Amino acid sequence: MKTVFKSILAAASIALVSSSAQAASSLEELLGEVKKNRVSEARINKQREAEFQSARADKQALLRKAQAELKAEQARGDRLQKQFADNEVALAEKEIELDQATGTLGEMFGVVRQASAEAYGQISTSIVSAEFPGRGEFLKRMSEESKGLPNIKELEDLWFALQTEMTESGQVSRFTTEVVSLDGGSQQQEVVRIGTFNLIGEQGYLVYDDQNEKVQPLGRQPDSHLLASANELFAASSGLIPFYADPSSGAILGLLKEKATMADRYHAGGNVGYVITGMLIIGLLIGFYKIITLTLIGGKIRSQLKSVDSPSSANPLGRILQVYKDNKSADVETLELKLDEAILKELPSIDSGINVIKIFAAIAPLMGLLGTVLGMILTFQQITLFGTGDPKLMAGSISMALVTTAQGIIAALPLLLMHSIVAGRSKSIVHILDEQTAGIVAAHAESEKA
């Protein structure tokens, strides 16, 4: 501020000189003005020198103050350095005292961490956590984050966690929790927990997803008798209920997702299996049709046997009797030929379709063998392309090779049985016709001799 003020005074003086010079009318006046200004400048210079001396004294005071502060900080640094060294010595002594005081308790740290890690791995995946969520957080913290010796409360919590798991493993409990459905939705449902083995609900067997801490239905429920026992236990409120438990805590039930159903096994046969199935269905339809028609014919023939003198054209025996009635005057040989001809006319309608069943029963195993050969060909082709590293690549072709053989045998067995039944009924009808024809011929021959 002083410097600015001095600059303003100097500028004012210069301006005054200029104005005086302009206003002076003669050199004498100019000289007088210069002398006056010289006196003013001398006075200003003395004032400046006094101010500089004053500022210099202030700077010296500030310098002495800064030097004193530096000396004080250096002394403080020396004290702190000495204190730090003393603290290092004290810490080393305390560590030695701690090691001596803890003694064998130092091993407890590693034991507790190991036990906590094992308990966390068991409890976090246990289905008991579906009823008591959040039990694994403390154990995880104990096994991973703990750096010192556990205190009494932490040891008690570890004990309580292990005791709870052990106690609940022998309990059947019913509780309400959120169940995630297979379509992505969720709702609160009542769930029954059987120890540490299985969870069951309204849909049947349930599984516990320990990653998301959610309960969800099994992807594919087991066989009906297993599911019926689960539903019976879910509906029961007391008493002893037989139940199929999974001792692997759901691992065996999880394998059911990969297990092939009867439909999957059937479709593994491919086109060959479909052809075998078609032959089986056609053969059985023909067999049932022949059983019905031959049963009706047999009934009509038995009715005709009760009224031999009034033949009817609605059944084979009646038509044969009608031929005899029309040829009573013929000799024995002619009558026999006529009756044989009548029987031959009836045989096609009686035996029709029976050979088709027999042919299907013979072709079905051969078709199964064909499917086996085709399946093995595909298997070797896949081995050639991809090697034998992944058995799943060959599973489809091997399934076709085995399934078609089984389908052929399965189709042949009922077809053979059906053929035997139909052929037996057909032979019984033809036997009746032959028997009646022989009787008619014998009676006619006796009548001619008489």
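This is a predicted model: local features need pLDDT of at least 70, side-chain atom pairs count only at pLDDT 80 or more; totals for chains, interfaces and linings use all residues.
Local features need pLDDT of at least 70 and side-chain atom pairs count only at pLDDT 80 or more, while totals for chains, interfaces and linings use all residues. Residues are numbered from 1 along each chain as its sequence is written, and side-chain values use heavy atoms, without hydrogens and water.

**Exercise 1.** Describe how helix α5 packs against helix α6.

Solution. 
1. Helices are DSSP runs of H or I with at least four residues, and strands are runs of E with at least two, numbered from the N terminus.
2. The axes of α5 (residues 136-144) and α6 (residues 152-168) are 11 Å apart, at an angle of about 130°. Axes are lines fitted to C-alpha atoms over the stretch in contact, and angles run from 0 to 180 degrees between N-to-C directions.
3. The two helices are therefore oblique to each other; this class is what remains after under 35 degrees (roughly parallel), over 145 (roughly antiparallel) and 65 to 115 (roughly perpendicular).
4. Contact (heavy atoms within 4.5 Å) involves F138, L139 and M142 of α5 and E154, D157, L158 and A161 of α6.
5. Five of these residues are nonpolar, none polar and two charged. Ala, Val, Leu, Ile, Met, Phe, Trp, Tyr, Cys and Pro count as nonpolar, Asp, Glu, Lys and Arg as charged, and the others, Gly among them, as polar.

**Exercise 2.** Which elements give two or more residues to the lining of the largest pocket?

Solution. 
1. A pocket is an open set of points on a 1 Å grid over the protein atoms alone, where a 1.4 Å probe fits, with protein on both sides within 12 Å along at least five of seven lines; lining residues have an atom within 4 Å of a point.
2. The lining has 13 residues, with V172, L233, A236, G239 and I241 nearest the centre.
3. The elements are β1 (172-180) and β2 (186-194); β1 supplies the largest share, three residues.
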